[in-house]
Amino acid sequence: MAQVTVRKNNKVLNIEDTRLESYLLQGFEQIDKDGKVVKEATGGRTVSLQEHNKALERIKELEEDDAVKELEEAKKEIKALKSENTKLKKSLEELKKLSEESKSE
């Protein structure tokens with residue numbers, strides 16, 4: 001069986017990979033040899049009310065951000081321009097055909 005490394009706060013353990021899910025539920029995160037998180041903890045963690053409120057404020061800021069609104073408007077405009085471009089290309093092709101027919105007469 002393979003060994004994996006888990007960490008919770010400053011505690012680092014090497015465990016059997018079959019026990020990983022249990023440790024994730026206890027608040028440990030799986031890390032690689034460089035200490036980078038491979039899998040986040042799935043339980044056993046709490047955050048302070050201050051941290052929670054700070055996260056909620058940030059979410060609200062992002063939702064109200066003008067950049068998000070501008071992005072949505074730009075996407076709509078791009079869609080409309082693509083549609084118009086397609087129509088113009090079709091019209092151009094029809095005009096080319098008419099032009100070639102009139103030259104051949």
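**Briefing: charge, shape and core of a predicted chain**

The mean positions of the 22 positive and 24 negative charges of the protein chain lie 3 Å apart, with Lys and Arg counted as positive, Asp and Glu as negative, and His and the chain ends left out. Each charge is placed at NZ of Lys, CZ of Arg, CG of Asp or CD of Glu. The model is predicted, so local features need pLDDT of at least 70 and side-chain atom pairs pLDDT 80 or more, while totals for chains, interfaces and linings use all residues. Residues are numbered from 1 along each chain as its sequence is written, and side-chain values use heavy atoms, without hydrogens or water.

**Fold and shape**
- The protein chain has three helices and four strands (DSSP runs: H or I of at least four residues, E of at least two, numbered from the N terminus).
- From the N terminus, the order of elements is β-β-α-β-β-α-α.
- The radius of gyration is 29 Å, well over the 13 Å that the globule rule gives for 105 residues, so the protein chain is more spread out than a compact globule (C-alpha atoms; rule: 2.2 Å times the number of residues to the power 0.38).
- The C-alpha atoms fill a box of roughly 85 × 40 × 20 Å along the principal axes.

**Burial and core**
- Of the 105 residues, 11% count as buried (under 20% relative accessible area, 1.4 Å probe, protein chains only).
- The largest nonpolar core has seven residues: Val 4, Val 6, Ile 15, Leu 20, Tyr 23, Leu 24 and Phe 28 (buried Ala, Val, Leu, Ile, Met, Phe, Trp, Tyr and Cys joined through side-chain atoms within 4.5 Å).
- Two or more core residues come from each of β1 (3–8) and α1 (20–25), and α1 gives the largest share, three.

Key: Buried < 20%, exposed > 50% of the residue type's maximum accessible area, 1.4 Å probe, protein only.
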